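User: I'm new to this structure and would like to learn how to read it. Could you walk me through a few features?

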Amino acid sequence: MSAPAVERAVERYPAHLHPAYATGVRSLRVVEVVRLTDTVRHVVLEAPDGGVLASYEPGAHLVVTTFPEVLPTEADQTEKRNAYSLTGDGVNPRRYAVSVLRRGDGGGSDWVHDALAVGDLVEVEGPRSSFAPRHDQRHALLVAGGIGVTPVLSHARAVVRWGGTCEIVYSYRPGHGAHLEDLRALAARPGVTLHEATTVEHTARVLAERFADQPLGTHAYACGPVPMLDAYVDAAAAAGWPEGRVHLERFTAPELDAGVPFTATVASTGQRLAVPPGTSLLTALLDAGHEVANLCRQGVCGECLVPVRSGALEHRDLVLSESEKSAGDRMLSCVSRGGHAGAEIEVDL
Amino acid sequence: MTVEAVRPGPVQPTPATAEPVLGLPVWPAEPEPVDASGTSYLVVALGTAPRTATVAADWVRAAEGRAPTRLVVADDLDAGRSDLEAALTAARTGVRIMLVGGQCDVLLGLALARAYGAGEAELRSFAVDGAAAAAGEATDLPVYCAHCRDTHRVHAPYGGEATCPGCARHLEIHHHLSASRGSFLASDARARDLA
């Protein structure tokens with residue numbers, strides 16, 4: 001092969017050549033839509049050519065471009081990018097499957113329910129791993145609340161595939177237990193047990209009981225609504241679990257107030273940006289022409305992380321750990337702000 | 001920036017004057033207190049040193065008042081291995097494991113606990129001969145011979161030389177402690193000599 005031919009190939013295929021490595025923005029075809037409950041729709045996607053899709057770690061999510069009627073931000077925008085957890089075990093998939101709860105707010109999930117049909121092409125990006133199993137996991141305690149069952153199902157399927165053991169706690173309202181049958185089928189296998197809970201009190205009782213009786217080397221993972229995750233963290237602490245064994249993924253963020261006004265200086269240009277209450281640092285940076293990647297805009301996904309050189313910070317995100325927050329060298333620009341009214345911070349962009 | 005390549009347990013700032021040598025264990029100067037957040041405790045006393053007994057007794061006294069506490073006592077790790085394995089199998093997450101004894105037994109005991117899934121936040125340890133070893137004295141060390149591929153108890157200082165009890169080679173004990181094996185790497189000190 002001559003050198004120019006190699007150069008041309010590298011130009012055409014900048015990274016891995018096999019299509020199963022593709023995780024960039026691309027179109028997939030809807031091949032199946034299943035109604036799981038009154039409010040949850042299961043959507044299955046395939047590559048248009050039917051080929052192999054990129055593998056993913058359990059708990060990973062797919063970013064789907066949706067076209068909702070009501071958009072949370074700028075009016076001239078017509079699309080929104082939503083992250084949905086994949087429900088498979090992630091090994092050499094030919095299909096990606098997500099389960100979407102109708103939120104009823106005219107947002108992206110309503111578009112999935114109302115507009116999406118078999119045969120449609122949807123734009124996706126990823127999968128992205130943000131809730132992966134820990135590599136030293138000996139046993140897993142998987143806790144799901146409501147639609148938070150989707151990443152938990154992915155973890156459970158991966159545990160079964162690799163011959164591990166896990167206990168699943170599923171808290172749901174009767175009649176709204178999406179994927180309940182899938183979990184019950186998994187629990188019929190050796191090494192997997194399922195505990196179902198249908199009330200808040202029952203969930204708290206099951207959590208306390210299960211946290212107290214897990215073998216050494218267990219990691220716990222939870223996804224669900226904020227009150228359930230709070231109960232989960234409390235139960236873990238009460239059972240003496242070290243922080244490093246307790247993992248969670250949030251899909252809703254608490255409402256935040258408008259915040260204090262502060263000033264951000266862009267280190268590379270010296271440009272000073274005034275950020276008034278109600279405006280995020282992310283919006284200010286984007287308006288000033290700085291390209292900052294972003295996705296959820298509510299402090300959950302971690303996409304809009306910016307490095308910080310100096311200044312007092314008020315962290316309001318759900319991504320950074322306590323030690324990362326206290327280090328003060330990074331912040332999530334969508335929700336976190338200067339530490340007090342009139343604070344000066346310097347972002348390293 | 002200081003990087004600790006290997007730590008036998010949670011490290012307290014010691015009044016060390018020099019930088020710690022990478023690859024050597026960093027022992028606390030005094031036994032650490034019992035971690036109050038545990039919901040059960042496993043105290044492991046290995047060896048016959050008088051200090052081992054007193055440290056273990058102090059730990060048990062402090063732990064018993066808080067939560068169920070199990071004590072495993074043995075003359076060395078080999079003698080206590082089956083008891084310790086039974087205790088580790090029965091342990092539930094939320095346990096705090098505390099080992100005391102000579103560092104040879106403690107390092108191998110820590111490796112066994114890790115093999116059963118214990119993480120660093122769940123482990124505390126104290127070597128009664130740790131200070132002597134840090135001062136350069138010969139103590140019993142767990143040594144993995146790269147040639148006969150076995151782990152032996154060898155009396156030598158850190159970085160010292162000794163004859164391998166397994167293959168009789170003259171070994172150099174490297175500043176290279178493996179947390180998962182619980183032993184120091186050793187290799188033929190005369191490997192470069194022609195004769």
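**Domains and their contacts**

Analyst: Let's start with chain B, where the domain assignment gives domain 1 (40–128) and domain 2 (138–188); such bounds come from an automatic or database domain assignment. This is a predicted model: local features need pLDDT of at least 70, side-chain atom pairs count only at pLDDT 80 or more, and totals for chains, interfaces and linings use all residues. Residues are numbered from 1 along each chain as its sequence is written, while chains are lettered from A and ligands numbered from 1 in the order in which they are written.

User: How many residues of domain 1 of chain B are in contact with domain 2 of chain B?

Analyst: Two residues are in contact if their C-beta atoms, placed from the backbone, lie within 7 Å. Here eight residues of domain 1 of chain B touch 10 residues of domain 2 of chain B. The C-alpha centres of these two domains of chain B are 24 Å apart.

User: And which domains does chain A have?

Analyst: Chain A has domain 1 (12–128), domain 2 (139–250) and domain 3 (262–347). Between domain 1 and domain 2 of chain A, the C-alpha centres are separated by 25 Å. In that pair, 15 residues of domain 1 of chain A contact 14 residues of domain 2 of chain A.

User: How many residues does each chain bring to the contact between chains?

Analyst: Chain B brings 15 residues and chain A brings 14 residues.

User: What describes two packed helices?

Analyst: Axes are lines fitted to C-alpha atoms, for helices over the stretch in contact, and angles run from 0 to 180 degrees between N-to-C directions. Helices (H or I, at least four residues) and strands (E, at least two) are DSSP runs, numbered from the N terminus. In chain A, helix α5 (residues 200–211) packs on helix α6 (residues 226–238) at about 30 degrees, with axes 9 Å apart. From α5(A), the contact includes L207(A) and F211(A); from α6(A), it includes M228(A) and Y232(A).

User: In what order do the strands of the open sheet in chain A run?

Analyst: Two strands pair if DSSP finds at least two bridges between them. In chain A, six strands give an open, antiparallel sheet ordered β4-β3-β6-β1-β2-β5. Its edges are β4 (80–85) and β5 (95–101) of chain A, each pairing on one side only. Strand β2 (residues 40–46) of chain A pairs with β5(A) over seven bridges, in the antiparallel sense, and E46(A) sits opposite R95(A) in β5(A).
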